[in-house]
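The questions below go through one structure, taking its aromatic rings, its helix packing and its backbone in turn. Each answer sets out its grounds before it comes to the value or name asked for.

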Amino acid sequence: MISSRSITVVETLEESAPIKGIAAMMKFIEGEEVLARYSSTDEYLKGKVLGVKGEQYKVQFETGIEKYVHSTDIKASRPSRSTRRSSSRSRKSPSRYSPSRKSLRKRSPGRPPATNKQSPKSTKFAKISLSRIEIPSDIRNTESVSTKSTNDDESPESLPLLSRLKEAGTVTRRSRLLTGTLKPEPDHKMVLLTRNINRAVSLPLERKSQLYDFNIDGKERGHSIQRDQDLLKTLNYEEDTNLNTQIIEKRKKEISMVSNPQEWGGWFGTFVLMFLMPFITILPQLMCTETECKFGYPKIPTSLNYYIDFKIFASYLSLLLFVTIISIIPIGRKIDGPDSRIGRLQYRLNGFLCGLLSLIIFAACTYKEFELCDLIVDNYIQFSVSGWFLGLILSLLLFIKGGRAPVANLNIYGSTNSVIYNFWQGREINPRIGPIDFKIILFRTSMIAMILINLSIVTKAIEEGDIYNLQHLNVGVLLGTLLQIIYAMDALFFESAMLTTFEIMYEGTGYMLCTSYMMYPFSVTIATKYMLFHQTQLTYHFVFPVFTFIIGYLIYRISNLQKSEYRRNPLSPSLMQLETIPTIRGKKLIVSGLWGHVRHPNYLGNILIWWSISCISLACDILPYYYAIMCTGLLMHRAVRDNERCKVRYGLAWEQYMSRVKYMILYRIF
């Protein structure tokens with residue numbers, strides 16, 4: 001007669017067989033102290049198991065080194081036994097091994113004969129005392145026959161997933177900790193089967209069908225142990241599929257953004273702009289000459305010497321080399337730039353010092369009566385063409401250098417499948433060779449060149465007029481050049497604020513930036529050159545453009561300083577009153593103060609500055625307003641470009657920002 005307790009014990013023993021097979025999958029568990037053989041040596045060192053990948057265990061040795069070690073090269077680390085315990089075990093109890101105890105013991109007929117074969121040393125089973133269960137032989141034979149026929153008819157691989165889960169039982173971490181025994185060879189297929197069941201539960205829906213085609217003899221990648229409730233939990237695969245579809249679509253957009261040109265009309269638009277940029281810079285120089293300076297159809301000389309002069313080219317190149325040498329001299333404060341993909345770049349702030357040295361050299365040349373002013377004013381076109389050539393050569397060299405640059409240094413908008421577009425945008429954002437930062441050097445050269453050109457125009461105006469007679473003094477050109485010099489010196493003085501602008505942080509250093517920097521001084525000074533050839537006497541009308549300049553300068557400088565300070569130290573006490581919107585990148589968007597009215601108040605200030613300088617001419621001609629019109633169009637286009645980039649960069653946070661700050665540059669207009 002079989003008791004209910006005995007039947008329960010039998011069922012428990014039968015259900016524990018799959019659990020032991022699953023536990024045998026891993027010899028060692030995470031966090032277990034082991035002895036692992038170090039690579040290329042026969043020495044076993046102490047370590048800790050960090051993870052498992054198939055038959056490979058990730059072990060962290062005592063030295064801190066982490067390596068993957070095969071399971072055959074790992075031993076269990078057993079605590080060293082004390083000498084007292086080992087010595088006590090070495091003594092033999094005389095009563096235990098007395099001759100009277102060596103007599104043959106009677107063995108029960110139902111127990112198998114004793115054998116000398118012992119279980120492996122690593123095998124440890126829990127001792128359970130149970131009463132002997134007598135099962136009739138006919139029931140035993142019937143169960144074995146039915147089990148054999150079932151196994152012959154259906155292989156484990158052909159069974160459905162849920163059926164195999166029921167047969168194998170739920171897998172828990174506790175069952176893995178109960179035993180560290182290795183199963184015999186016939187149980188190897190059971191281990192692989194349960195391992196793939198666990199993997200199938202953690203796989204997406206589209207990969208679960210591959211379980212039936214699994215090759216048991218193939219190489220395993222690893223397995224995961226799931227909790228009971230995770231195995232029995234019904235997953236909402238439709239939501240996961242929709243989420244995966246959204247992720248895939250977003251990834252496709254990012255790949256398309258990298259591989260296809262996104263701005264400036266693609267490769268064809270940039271190809272046209274490569275020739276249009278020098279044309280729109282040199283054309284107004286041809287319109288404004290000493291004999292005639294007005295907007296209209298210019299007289300285009302056919303002589304090549306009128307455009308190219310090696311002496312002028314050497315002069316402009318000398319200025320570029322002078323600025324480069326002064327920039328790498330270890331004089332000036334060294335600061336960290338904004339955080340980027342390659343870390344924080346360091347900058348030495350000696351641009352203002354470089355500008356002062358240039359002023360001293362210019363004053364010395366003028367005092368020594370070198371014809372430096374005539375060289376600059378009379379060769380405007382040659383200087384403009386030389387600037388184009390220098391920018392072209394430099395952009396070619398940087399394009400070649402960018403082909404060997406690390407991936408982290410590359411400009412994502414200059415890494416497309418179009419060579420023309422990449423050459424226009426630039427492969428690198430901040431290209432450097434040692435201490436030479438090309439973008440900063442180009443910026444300083446353009447500002448210093450603008451100062452020198454305005455000083456030459458002022459000197460020319462003083463020489464032609466009577467400084468002691470206001471009626472014959474060209475007050476307009478003096479005022480216009482003064483405001484431009486203030487603007488350039490201010491940019492060099494607050495050079496640290498320039499490091500957080502869109503131009504320095506995100507714009508690539510390619511053909512567009514190199515040529516625009518080298519030709520920039522001759523575009524902005526077209527207004528003061530016009531005033532030189534059109535004398536303007538002192539009048540009260542100058543009050544309005546000067547007042548507009550002050551307003552524009554304050555907006556431009558305060559907004560730039562506020563943005564720069566916030567990016568460097570968001571916890572500054574002076575910025576605690578600002579409202580911000582957090583982003584997924586860890587940065588914050590300012591939505592109060594000047595940045596709460598329009599998205600680019602610094603662009604608005606810059607536009608007001610150049611329109612006020614142009615208005616000092618009091619002219620009804622388009623030519624003195626030429627750069628103000630260009631500046632307005634370029635900054636509006638840059639605001640649109642920046643808006644599209646920020647949508648991708650900040651996502652939902654930028655949508656919230658646009659709902660708070662609706663206008664880009666001019667409130668209620670644009």
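**Loops, rings and helices**

Glu369 has its place in the loop between helix H12 (351-367) and helix H13 (372-377), where helices are DSSP runs of H or I with at least four residues, numbered from the N terminus. The model is a predicted one, in which local features need pLDDT of at least 70 and side-chain atom pairs count only at pLDDT 80 or more, while totals for chains, interfaces and linings use all residues. Residues are numbered from 1 along each chain as its sequence is written, and side-chain values use heavy atoms, with hydrogens and water left out.

Q: Is Glu369 buried or exposed?
A: Glu369 is not a glycine, although its phi is positive, at about 60 degrees. Buried means under 20% relative accessible area, exposed over 50% and partly exposed in between, with a 1.4 Å probe and protein chains only. Because its relative accessibility is 69%, Glu369 counts as exposed.

Q: What is the relative accessible area of Arg668?
A: Arg668 is found in the segment after helix H25 (652-660). Its phi is near 65 degrees, a positive value in a residue other than glycine. Arg668 is exposed, with a relative accessible area of 60%.

Q: Which kind of aromatic pair do Tyr316 and Phe383 form?
A: Rings of Phe, Tyr and Trp (its six-membered ring) pair if their centres lie within 6.5 Å; planes under 30 degrees apart count as stacked, over 60 as edge-to-face and the rest as tilted. The structure holds 24 aromatic pairs. In the pair of Tyr316 and Phe383, the centres are 6.2 Å apart and the planes stand at 75 degrees, and the pair is edge-to-face.

Q: How many residues apart are Tyr316 and Phe383?
A: Tyr316 is buried, and Phe383 is buried too. Their pair links distant parts of the chain, with Tyr316 in helix H11 (residues 310-328) and Phe383 in helix H14 (residues 380-402), and the separation is 67 residues.

Q: Why is the pair of Phe383 and Phe522 stacked?
A: Phe383 is buried at a relative accessible area of 7%, and Phe522 counts as buried at 3% relative accessibility. The ring centres of Phe383 and Phe522 are 6.0 Å apart, and the pair is stacked because the planes lie at 20 degrees.

Q: How do H23 and H24 run, roughly parallel or roughly antiparallel?
A: Helix H23 (residues 601-615) packs with H24 at an angle of about 170 degrees, and their axes are 9 Å apart. Axes are lines fitted to C-alpha atoms, for helices over the stretch in contact, and angles run from 0 to 180 degrees between N-to-C directions. Angles under 35 degrees count as roughly parallel, over 145 as roughly antiparallel, 65 to 115 as roughly perpendicular and the rest as oblique. The angle therefore makes H23, relative to H24, roughly antiparallel.

Q: Which residue follows H24?
A: Helix H24 (residues 626-650) has 25 residues and reaches 36 Å from its first C-alpha to its last, close to the 36 Å expected at 1.5 Å a residue, the expected span being 1.5 Å times one less than the number of residues. The residue that follows H24 has a positive phi near 65 degrees and is Gly651.

Q: What separates the C-alpha atoms of Asp378 and Glu290?
A: Asp378 lies in the loop between H13 and H14, and at 47% relative accessibility Asp378 counts as partly exposed. Asp378 and Glu290 are 88 residues apart along the chain, and their C-alpha atoms are separated by 8.9 Å.

Notes. Helix = DSSP H or I, 4+ residues; strand = E, 2+ residues; numbered from the N terminus.
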